Amino acid sequence: MDSQSPTLLGFAAFSGTGKTELLTRLVPILVEQGLRIGMVKHAHHAFDVDQPGKDSYRLRKAGAREMLISSGRRWALMHELGEDEEEMTLAQLLPKLDAAPLDLILVEGFKREAFPKIELCRPDLGHPYLYPDDSNIIALATDAPPPSGLALPHLDLNDPPAIAAFVQTLL
């Protein structure tokens with residue numbers, strides 16, 4: 001791809017719909033097609049990427065507000081939010097990515113924020129559709145027939161190659 005900013009595309013759904021499951025199947029297909037992928041995932045709870053007892057964990061827990069760990073294989077930066085700081089928005093987080101080597105940034109979650117998203121829906125779970133109330137939804141991926149009057153592309157939630165083909169049309 002060229003040196004333009006990477007395409008931003010979200011996958012939005014209620015918890016338990018299968019966002020991570022789909023993305024773990026979709027990303028390898030897109031990588032095989034030559035795309036360089038970045039990911040942003042929203043978590044609704046506290047989390048740790050380092051292991052309790054490891055040096056980086058111990059130093060962060062000791063009070064370091066930022067903890068950068070690096071090896072010959074990867075590096076990671078952890079930033080602890082102070083009690084007076086609010087959760088960051090997607091717009092605040094995106095500049096923290098090194099987007100230069102990326103073709104596509106996939107976002108899991110942030111369903112209430114304004115950016116292009118594919119909605120995932122499993123009607124049997126009983127959750128309402130986000131579409132049409134969210135004008136940023138550009139396609140609907142379900143495991144059921146499309147809802148009546150759907151004015152968006154309908155994708156089979158269980159067909160990652162077809163979803164990858166749709167994603168390619170956005171680049």
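User: Which residues of H1 are called buried?

Analyst: Happy to start there: the buried residues of H1 are Lys19, Leu22, Leu23, Leu26 and Leu30. Buried means under 20% relative accessible area, exposed means over 50%, and partly exposed lies in between (1.4 Å probe, protein chains only). One caution: this is a predicted model, where local features need pLDDT of at least 70, side-chain atom pairs count only at pLDDT 80 or more, and totals for chains, interfaces and linings use all residues. Residues are numbered from 1 along each chain as its sequence is written, and side-chain values use heavy atoms, with hydrogens and water left out.

User: What covers the buried residues of H1?

Analyst: The cover includes S1, strand S2 (37-41), S5, S6 and H4. Helices (H or I, at least four residues) and strands (E, at least two) are DSSP runs, numbered from the N terminus.

User: How do you know that the span of H1 agrees with its 14 residues?

Analyst: The expected span of a helix is 1.5 Å times one less than its number of residues. For H1 that should be 20 Å, and its end C-alpha atoms are 20 Å apart, so the two agree. Just after H1, Gly34 takes a positive phi of about 95°.

User: Why is Leu77 called partly exposed?

Analyst: Leu77 has a relative accessible area of 44%, so it falls in the range called partly exposed. Leu77 is found in strand S4 (residues 75-79).

User: What makes the nonpolar surface patch of about 350 Å²?

Analyst: That patch is made by Leu68, Trp75 and Leu77. Patch residues have over 30% relative accessible area and no salt bridge; like charges are joined within 9 Å, nonpolar side chains (Val, Leu, Ile, Met, Phe, Trp, Tyr) within 5 Å. A salt bridge here is a side-chain nitrogen of Lys or Arg within 4 Å of a carboxyl oxygen of Asp or Glu. With 44%, Leu77 therefore passes the area cut-off.

User: Which residues touch the most other members of the largest nonpolar core?

Analyst: Of its 21 residues, they are Phe11, Leu30, Leu104, Leu106, Ile118, Leu120 and Ile163. A nonpolar core is a set of buried Ala, Val, Leu, Ile, Met, Phe, Trp, Tyr and Cys residues joined through side-chain atoms within 4.5 Å. A second, separate core of 8 residues includes Ala12, Cys121, Tyr131 and Ile137.

User: What is Leu120 in contact with, leaving aside its neighbours within four places in sequence?

Analyst: Contact means heavy atoms within 4.5 Å. Among the partners of Leu120 are Phe11, Leu22, Ala141 and Leu157.

Terms used. Accessible areas come from the Shrake-Rupley method with a 1.4 Å probe; for residues, only the protein chains shown count as cover.
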